[in-house]
Amino acid sequence: MWLLDTDTGVLHYVSDPLRERYAILSHVWDPEKEQSFQDIQRLCELARRSEITRRLLGRPPRSALSKASDKIRDCCAFARKRGYKRVWIDTCCIDKTSSSELSEAINSMYKWYQQAAVCYAFLYDVDEKDDHRAWSSCFRRSKWFRRGWTLQELIAPRKLVFLSKHWRPLGTKSSLADVVEEITGIERDVLELRIPLDSVSVARRMSWGSRRTTTRVEDEAYSLMGIFDVNIPVIYGEGRNAFYRLQEEILRRIPDQSIFAWGSIAYTRSGLPLRPFANAEIMQTKPEDAPFECIFASSPAAFEHSANIVPVALDEFYRRVQTEEQPIPEYLLTSYGIRGRFPRLLGEQTDQRSTGNREHERSEPNIDIVVLACEDTSEGLIALLLRASDCQNRGNYHVGARFRYRTDFARGATLQSLVGVSRAPNRFKGHFQLTSVYIPYRPQEKSSSGETNTYDTSEIDSIYDVNPVSSGVIIVGDDADSTHRPSSLLEHINAATRSTVLGSASPPDAEKEAGFAAAAHDSPSNGPDASNDSRPETLCDMLHGGMPVGLEEQSRPAYARYSFDGHGEGELPLKTGQELEILDDRDAAWWYARDVRSGQEGVVPAALVY
């Protein structure tokens with residue numbers, strides 16, 4: 001962690017932030033005015049060079065801060081007057097040309113704000129004369145409350161002081177907790193750290209970020225890691241995949257099915273209950289419904305109306321649904337989606353399935369109702385509406401449906417709106433049976449030919465575990481830059497196979513990890529003469545000289561974990577599920593591979609392959 005000296009502007013590296021007393025800044029970036037780590041280093045070098053000349057002239061030494069931006073200079077002055085010798089500012093205290101340092105910063109951000117003695121929230125669009133409690137105040141409308149990264153910067157610090165655009169104190173998050181609660185929806189007890197974050201439901205925590213925006217779509221996921229106390233590898237360029245991976249990691253670590261309760265849910269209080277559900281005509285879904293038919297949401301925005309959904313303890317849940325079996329929920333990731341066992345409501349429709357003509361029954365789509373171990377605080381248990389994906393009733397489902405009497409796509413409903421208000425109780429016996437279902441993890445990708453790619457990243461994700469302590473950074477796609485190539489990504493990836501059941505990981509393979517560590521150690525990017533291209537010399541040679549002799553005998557089969565554009569020289573483009581042959585995996589970050597179908601060879605990011 002780099003800390004900025006509030007007097008000289010010199011950057012100091014500290015290995016243990018817990019031993020430091022520092023202030024930390026929370027702000028909204030202005031891309032045209034922010035100064036980077038390299039900018040501050042250059043200013044410090046200029047100050048050192050001019051020091052001898054100024055001494056000879058009898059002038060005092062000049063601080064590097066004299067040429068710093070107004071924001072950095074004013075922040076240091078404000079902190080220095082209050083006794084803080086060091087401050088952390090994200091724009092200039094992270095060396096973003098180092099992939100490992102950027103990764104560490106993103107994974108440690110919540111902890112750094114939590115450990116700071118004080119956090120200064122600089123609101124550049126608020127005047128100190130503003131009436132902060134007025135409904136139309138600039139304080140309530142500040143952009144700071146609408147940015148993704150500032151969510152954890154609001155919650156994590158023990159002490160947070162709001163500052164106006166003139167660096168005048170506006171109040172603390174404790175003194176303004178009632179106003180901040182109204183603005184953000186975060187309860188006062190959470191803001192003042194009186195209750196732990198893990199006591200708040202996953203759906204509610206997601207709802208806090210539902211109306212916030214980020215510049216990079218991947219940051220919608222990365223900015224929430226601290227809120228859920230999880231870590232995932234940082235891969236800029238993967239787009240929405242980041243949020244799907246975040247939800248998988250949350251599901252693996254937090255036993256809370258409210259993570260499934262997002263999107264359009266019917267309530268009796270909404271005025272649009274599923275009253276005629278038993279006889280409802282199901283309409284054809286539309287292309288725009290695809291992201292809502294999956295078990296995971298595509299962005300935090302999907303949880304905007306899920307703030308009142310809380311988990312139900314398993315004992316209480318099984319008491320309510322009264323199933324014969326009462327197992328602990330497990331989730332298996334497969335190429336058909338996530339398989340789980342949920343209590344399914346048995347009714348007249350479902351009974352016909354076992355006695356009637358199967359072909360006749362599936363001539364029109366049927367809806368199954370499965371109940372989640374979570375509830376709306378007002379209306380009780382939440383149920384998902386599942387639509388069979390095929391006519392053979394193999395347990396493959398999509399979530400939700402369109403009904404003639406509703407104008408929108410419905411993913412679920414409270415059990416009360418399905419059963420409690422129904423005038424035809426014989427349609428639902430009120431008996432539940434645990435049933436295994438397969439639900440897509442995310443919308444299926446389209447290949448370049450327009451055909452649906454049946455491979456799903458959820459199956460691939462289940463094979464390799466990720467080390468949550470620190471993860472490497474990969475930047476792919478149009479925004480990729482050679483200066484951000486990972487130097488040793490697999491130092492941070494636990495490549496040992498694990499059980500595909502979320503929540504149970506097998507022990508790491510020490511011999512394999514030692515091999516990765518050795519490869520990372522030998523990488524030239526770790527030496528003093530490291531260049532921007534962090535791929536090892538052997539792989540760089542491959543780009544021009546082809547495959548080294550003797551490695552083909554050591555090849556092994558593999559599959560692409562995610563899509564990869566492969567715009568760089570010698571890089572092999574990937575599609576999710578693409579069959580590969582790994583020819584050289586000695587490097588920690590990039591492997592040399594061959595596309596089995598086309599025969600094309602090139603290097604691929606190791607974290608995108610299994």
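Is L193 buried, partly exposed or exposed? I looked this residue up before anything else. L193 is partly exposed, with a relative accessible area of 41%. For my own reference, buried means under 20% relative accessible area, exposed means over 50%, and partly exposed lies in between (1.4 Å probe, protein chains only).

**Ground rules**

I am working with a predicted model, where local features need pLDDT of at least 70, side-chain atom pairs count only at pLDDT 80 or more, and totals for chains, interfaces and linings use all residues. Residues are numbered from 1 along each chain as its sequence is written, and side-chain values use heavy atoms, with hydrogens and water left out.

**Entry: positive phi angles**

Most residues other than glycine have a negative phi. I found that L193 has a positive phi of about 60 degrees although it is not a glycine. I placed L193 in the loop between α6 (188-191) and α7 (202-208). Helices (H or I, at least four residues) and strands (E, at least two) are DSSP runs, numbered from the N terminus.

Then I turned to Q322, another residue that is not glycine, and its phi is positive too, near 55 degrees. Q322 sits in the loop between α11 (314-321) and β12 (331-334), and it is exposed, at 59% relative accessible area.

I followed an open sheet of 3 strands, in the order β10-β17-β18, with antiparallel pairing. Why is one side of β10 and of β18 left without a neighbour in the sheet? β10 (282-283) and β18 (409-410) stand at the edges and each has a single partner strand, so one side of each has no neighbour there. Two strands count as paired if DSSP finds at least two bridges between them. Strand β17 (residues 401-403) is joined to β18 by 2 bridges, and A401 has A410 as its bridge partner in β18.

How many residues of strand β24 (residues 590-595) are buried? I noted 6 of 6, so to speak a mostly covered strand. In a regular strand the side chains alternate between the two faces of the sheet. Here W590, Y592 and R594 point one way from β24, while W591, A593 and D595 point the other way, and all are buried.

G577 is buried, at 4% relative accessible area. G577 and R561 are 16 residues apart in sequence, and 6.3 Å apart in space from C-alpha to C-alpha.

**Entry: cysteines**

I searched the whole structure for disulfides and the count is 0. The cut-off is a pair of cysteine sulfur atoms within 2.5 Å. For C76, the closest cysteine sulfur is in C75, 5.7 Å away, which is too far for a bond. C76 is buried at 0% relative accessible area, and C374 is buried with a value of 0%.

**Entry: cores**

A nonpolar core is a set of buried Ala, Val, Leu, Ile, Met, Phe, Trp, Tyr and Cys residues joined through side-chain atoms within 4.5 Å. In the largest one, of 137 residues, L4, W88, F162 and Y222 touch the most other members. Helix α3 (residues 99-115) gives the most to this core, with 7 residues. A second, separate core of 21 residues includes I282, V321, A410 and A413.

**Entry: the largest pocket**

Which residues lie nearest the centre of the largest pocket? I listed W29, K96, W149, D219 and Y236, out of 32 lining residues. A pocket is an open set of points on a 1 Å grid over the protein atoms alone, where a 1.4 Å probe fits, with protein on both sides within 12 Å along at least five of seven lines; lining residues have an atom within 4 Å of a point. α3 supplies the largest share of this lining, 3 residues.
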